[in-house]
Amino acid sequence: MAISAADLVSVPIEYIVPNVTLPGDVYFKLSESHFVIIGREGTREHFKSLHFYEKIKDAVFIKKTDLRKFSSLKVLSASEIMKNDDAPIDQKVDVLSHTMASVFTNIQELGFSNESLGNTKFIAGSVLKVINDTPKLSLLMSLMNSISAEIIRHSMAVSMISILIAKSKGWNNQSLLEKIALGAVLHDIGLKEYPAEFLNKPRASYTAEDLEYYQRHAFRGIEILKTVENIPDEVMAIVGEHHENAIGQGYPRGTRDVRLHPFSKVVALADAFCELTFKDVNNQNPVDPDQALHIIEFSLGQPFNKECFVALKNVLLNGIKRASVKIV
Ligand SMILES: [Fe+2]
Ligand SMILES: [Fe+2]
């Protein structure tokens with residue numbers, strides 16, 4: 001029986017681990033309703049050797065029911081690359097971005113689950129490892145800029161900048177940094193159910209209704225995470241408070257600095273910094289990190305937690321100091 005478009009999901013070819021046994025069938029779209037198998041489950045992946053590789057490389061299709069299998073294989077293969085000390089940093093970030101995209105697609109199509117939590121923890125731990133190996137802001141920013149998918153670039157960049165701020169504050173406890181990284185990777189999970197047409201609209205063009213709907217993503221993120229047990233409270237706080245600010249002019253609650261979780265203050269600043277420094281639908285003219293700090297300080301009136309802002313400034317001025325240890 002022919003496969004129906006409703007049973008399939010489009011994925012970039014990078015989701016599929018090269019040269020291993022395919023965990024499910026892979027399809028190419030001939031027309032709106034006609035798909036052909038280009039790789040069968042149980043056979044070895046060999047797409048690069050196909051003479052029509054150029055045609056298929058932008059998007060192939062897999063069955064929605066196979067997403068988990070492809071995503072698990074991707075995580076497994078990425079974990080091998082992350083363990084390899086000889087693998088260059090750009091390869092690690094590239095693999096990590098595609099793995100993150102596959103995990104996010106999985107969450108989008110099948111919902112958040114214990115398995116997604118495990119996979120997201122792997123991503124967060126890997127982001128932390130990348131920073132431990134390469135704590136250099138300019139290099140990390142240029143690696144982030146090479147990631148084409150906006151939501152992936154944003155989540156990874158916010159996670160990296162959050163870790164840099166946290167380390168600059170002297171927070172060096174591994175499990176604490178892992179929670180910040182995890183919360184930052186998941187901070188916009190509430191947007192997962194929003195239609196692409198809505199998310200592709202610049203926020204400057206939103207109506208009051210659109211804005212209210214958009215701002216609900218912080219609450220929605222918490223509701224999504226609540227469906228799975230054992231999400232650390234710190235991660236919940238980050239997701240719910242990443243649009244709050246120190247002066248109480250953020251959303252959804254307008255909570256002031258003293259009431260905000262210390263990790264939320266870090267991620268809120270990292271989020272604002274990344275929105276200014278990376279190109280996306282809301283920002284066609286990204287600025288460099290120095291200008292971003294200048295804008296936050298003088299145009300926005302520095303509404304974020306003061307210590308976090310100073311810590312980020314120090315990252316730009318001095319890089320990360322490795323030795324300091326401070327308990328939150
Ligand atoms: Fe957000
Ligand atoms: Fe964000």
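Predicted model: local features only at pLDDT ≥ 70, side-chain atom pairs only at ≥ 80, totals over all residues.
Before we start, one convention: helices here are DSSP runs of H or I with at least four residues, numbered from the N terminus.

Hi everyone! How confident is it? The mean pLDDT of the chain is 93, with 97% of its residues at 70 or more. Please be careful with residues 323-328, though, where the pLDDT is below 50; that stretch does have nine contacts in the model beyond near neighbours in sequence.

Now the overall picture. The chain holds 14 helices and four strands, and its C-alpha atoms fill a box of roughly 60 × 50 × 40 Å along the principal axes. For 328 residues, a compact globule would have a radius of gyration near 20 Å, and the chain agrees, at 20 Å. Buried residues account for 39% of the chain. Of the contacts between residues at least 6 apart in sequence, 70% join residues at least 24 apart.

So, on to helix 6, residues 150-168. Is this helix mostly covered or mostly uncovered? Covered: 17 of its 19 residues are buried. At 1.5 Å a residue, its 19 residues should span 27 Å, and because the end C-alpha atoms are 26 Å apart, the two values agree. As a reminder, an α-helix has 3.6 residues a turn, so residues three or four places apart point the same way.

And what happens just after helix 6? There, Gly 170 takes a positive phi of about 95°. Have a look at that spot on your screens. Thanks, everyone!

Methods
Residues numbered from 1 in each chain as written. Chains lettered and ligands numbered in written order. Helix = DSSP H or I, 4+ residues; strand = E, 2+ residues; numbered from the N terminus. Expected span 1.5 Å × (residues − 1). Buried ≥ 20, exposed ≤ 12 C-beta atoms within 10 Å, placed from the backbone. Rg over C-alpha atoms; globule rule 2.2 N^0.38 Å. Contact = placed C-beta atoms within 7 Å. pLDDT = per-residue confidence, 0-100.
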